[in-house]
Amino acid sequence: MSCVYLGPSVQTISVLNHGWERSKSLMNPQQLFHPLKKNGIFSFRCSSFSSSRKTNMPSPSPSSLAISAILTKQESVDTPEEDKQKLKEINDALFNFKTYMVEKAKTVNQALDAAVSLKHPVKIHEAMRYSLLAGGKRVRPVLCISSCELVGGDESTAMPSACAVEMIHTMSLIHDDLPCMDNDDLRRGKPTNHKVYGEDVAVLAGDALLAFAFEHIATSTPATVPASRIVRALRELAQAIGGEGLVAGQVVDIHSEGAEDVGLEQLEFIHIHKTAKLLEAAVVLGAIVGGGSDDEVEKLRKFALCIGLLFQVVDDILDVTKSSEELGKTAGKDLIADKVTYPKLIGIEKSKEFAAKLNKEARDQLVGFDQVKAAPLIALADYIAHRQS
């Protein structure tokens with residue numbers, strides 16, 4: 001089992017049921033708060049936000065409303081004094097994020113190990129397992145499982161989809177590290193796949209993981225899940241990683257290296273497609289196989305796009321503020337490759353402000369869900385915002 005580092009600044013607080021209610025305005029489906037543009041608004045230009053469907057999530061009753069959060073040293077609870085007193089008085093249903101992540105990562109690692117076994121030809125399966133089981137925080141599969149559980153499903157229902165998303169994520173890392181792409185020698189604290197098995201086998205290992213991901217969802221999802229949901233999940237995953245998804249982001253990223261005319265709009269496109277789309281798929285797949293309604297799926301889609309962009313903004317910041325030893329991969333490689341990043345365009349402090357805004361918008365999307373069940377997703381959003389590697 002790999003170790004999940006959660007950072008010294010992450011603290012858990014209780015998920016507390018109490019009788020007060022706070023109303024929040026929900027985000028316009030096509031807008032997020034942008035700290036740098038006029039009126040603080042910018043538009044996602046991806047197809048996921050083009051739907052005109054309005055979400056009618058039920059409002060939580062005063063007796064069932066809950067607060068859950070992961071606090072960092074940099075933030076505090078912004079609640080009235082009387083509500084702070086209730087937080088002190090009511091201390092049931094404690095949610096421990098670190099324990100949750102460790103336990104979920106353990107089950108995900110076991111499932112991945114079982115899914116991709118050593119068989120003939122041995123070398124290709126060794127290469128697949130080398131990168132797939134090399135550790136990592138397993139954020140994407142945990143998001144998939146948490147989303148499924150939020151809408152009423154269970155871990156076993158989501159696990160094949162969760163593993164498939166991690167297989168595709170691993171494929172993208174193997175290919176991203178190749179000399180023709182980012183030319184990196186270190187990944188998750190170990191030599192990259194092509195450094196161990198050669199470029200030819202590394203390419204094929206990535207290809208094999210990509211293909212097997214779809215097979216795994218189709219053949220391993222429990223029979224209790226209707227076929228229509230499985231087909232919908234497969235379509236969702238394919239759209240997230242193809243020419244209008246992850247690959248689109250990779251291509252624009254490659255052709256933006258060294259360019260002097262890359263602005264925020266193009267950088268936003270790169271990050272949404274290269275990173276956010278797969279995180280979106282993880283969350284949406286969990287909601288689909290878990291039996292979520294269309295409204296629930298769309299709310300979770302918006303949540304996922306927020307944290308997906310947040311993930312990459314934080315990644316840009318870490319690339320210039322942390323060492324290779326701390327990151328488990330080569331630090332400063334974006335600067336060396338002359339890639340456009342948020343710190344490069346707007347500076348580190350404004351990038352941190354943007355990350356905070358995205359985190360808030362993500363959490364706002366979960367208003368209306370059972371907040372006890374939503375606790376893992378709220379915590380994951382905070383973890384992504386404040387991760388240190």
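Mentor: Helices, with at least four residues, and strands, with at least two, are DSSP runs, numbered from the N terminus. With that rule, this predicted model has 16 helices and 8 strands in its protein chain.

Trainee: How many of the 389 residues count as buried?

Mentor: Buried means under 20% relative accessible area. By that cut-off, 54% of the 389 residues in the protein chain are buried. Contacts give a second view of the fold. Take the contacts in the chain with a separation of 6 or more: residues 24 or more positions apart account for 78% of them.

Trainee: What is the mean pLDDT of the protein chain?

Mentor: The general idea is a caution. Where pLDDT is low, the predicted coordinates should not be read in detail. Here the chain has a mean pLDDT of 79, and 71% of its residues reach 70 or more. Residues 1-78 are below 50; this stretch has 184 contacts in the model beyond near neighbours in sequence. Residues 84-93 are also below 50, with 16 such contacts.

Trainee: On to rings. How many aromatic pairs does the count come to?

Mentor: Two values describe each pair of aromatic rings: the distance of the centres and the angle of the planes. The count comes to 4 aromatic pairs. One of them joins Phe97 and Tyr383: the centres are 5.8 Å apart and the planes stand at 50°, so this pair is tilted.

Trainee: Is Phe97 buried or exposed?

Mentor: Phe97 is buried, at 0% relative accessible area. Tyr383 counts as buried too, at 1%. Now take a second pair, Tyr130 and Tyr197. Its ring centres lie 5.7 Å apart and its planes meet at 70°, so the pair is edge-to-face. Tyr130 is in helix H3 (residues 122-132) and Tyr197 in helix H6 (residues 193-197), so parts 67 residues apart in sequence are tied together. Tyr197 counts as buried at 16% relative accessibility.

Trainee: Rings can also meet charges. Which residue lies over the face of Phe311?

Mentor: Arg140 does, at 5.1 Å from the ring centre. Arg387 also has its charged end over the ring of Phe311, 3.9 Å from the centre.

Trainee: Now a helix. How many residues does helix H5 have?

Mentor: Compare its reach with the expected span. Helix H5 (residues 155-176) has 22 residues. From first C-alpha to last it reaches 30 Å, close to the 32 Å expected at 1.5 Å a residue. Then check burial. Of the 22 residues of H5, 20 are buried, so the helix is largely enclosed by the rest of the structure.

Trainee: Which residues have the most contacts inside the largest nonpolar core?

Mentor: Leu143, Met167, Leu237 and Leu300, in a core of 96 residues. Helix H10 (residues 264-289) gives the largest share of this core, 15 residues. Look at Leu300 itself.

Trainee: Where is Gly286?

Mentor: Gly286 sits in helix H10. Its relative accessible area is 0%, so Gly286 is buried. Leaving aside neighbours within four places, Gly286 is in contact with Cys144, Ser147, Cys148 and Val151. Gly286 and Thr157 are 129 residues apart along the chain, yet their C-alpha atoms are separated by 8.4 Å.

Trainee: Last, the backbone. Which peptide bond is cis?

Mentor: Most residues other than glycine have a negative phi, and most peptide bonds are trans. Here the bond from His120 to Pro121 is cis, with omega near -5°. Pro121 is found in the loop between H2 and H3.

Trainee: What is the phi of Arg138?

Mentor: It is near 60°, a positive value in a residue other than glycine. Arg138 lies in the loop between H3 and helix H4 (139-150). At 2% relative accessible area, Arg138 is buried. Asn183 also has a positive phi, about 55°, although it is not a glycine. Asn183 lies in the loop between H5 and strand E7 (186-187).

Trainee: What is the relative accessible area of Asn183?

Mentor: Asn183 has 47%, so it is partly exposed.

Terms used
Residues are numbered from 1 along each chain as its sequence is written. This is a predicted model: local features need pLDDT of at least 70, side-chain atom pairs count only at pLDDT 80 or more; totals for chains, interfaces and linings use all residues. Side-chain values use heavy atoms; hydrogens and water are left out. pLDDT is the predictor's confidence in each residue, from 0 to 100. Contact means heavy atoms within 4.5 Å. Rings of Phe, Tyr and Trp (its six-membered ring) pair if their centres lie within 6.5 Å; planes under 30 degrees apart count as stacked, over 60 as edge-to-face and the rest as tilted. Buried means under 20% relative accessible area, exposed over 50%, partly exposed in between (1.4 Å probe, protein chains only). A charge sits over a ring if NZ of Lys or CZ of Arg is within 6 Å of the ring centre and within 35 degrees of the ring normal. The expected span of a helix is 1.5 Å times one less than its number of residues. A nonpolar core is a set of buried Ala, Val, Leu, Ile, Met, Phe, Trp, Tyr and Cys residues joined through side-chain atoms within 4.5 Å.
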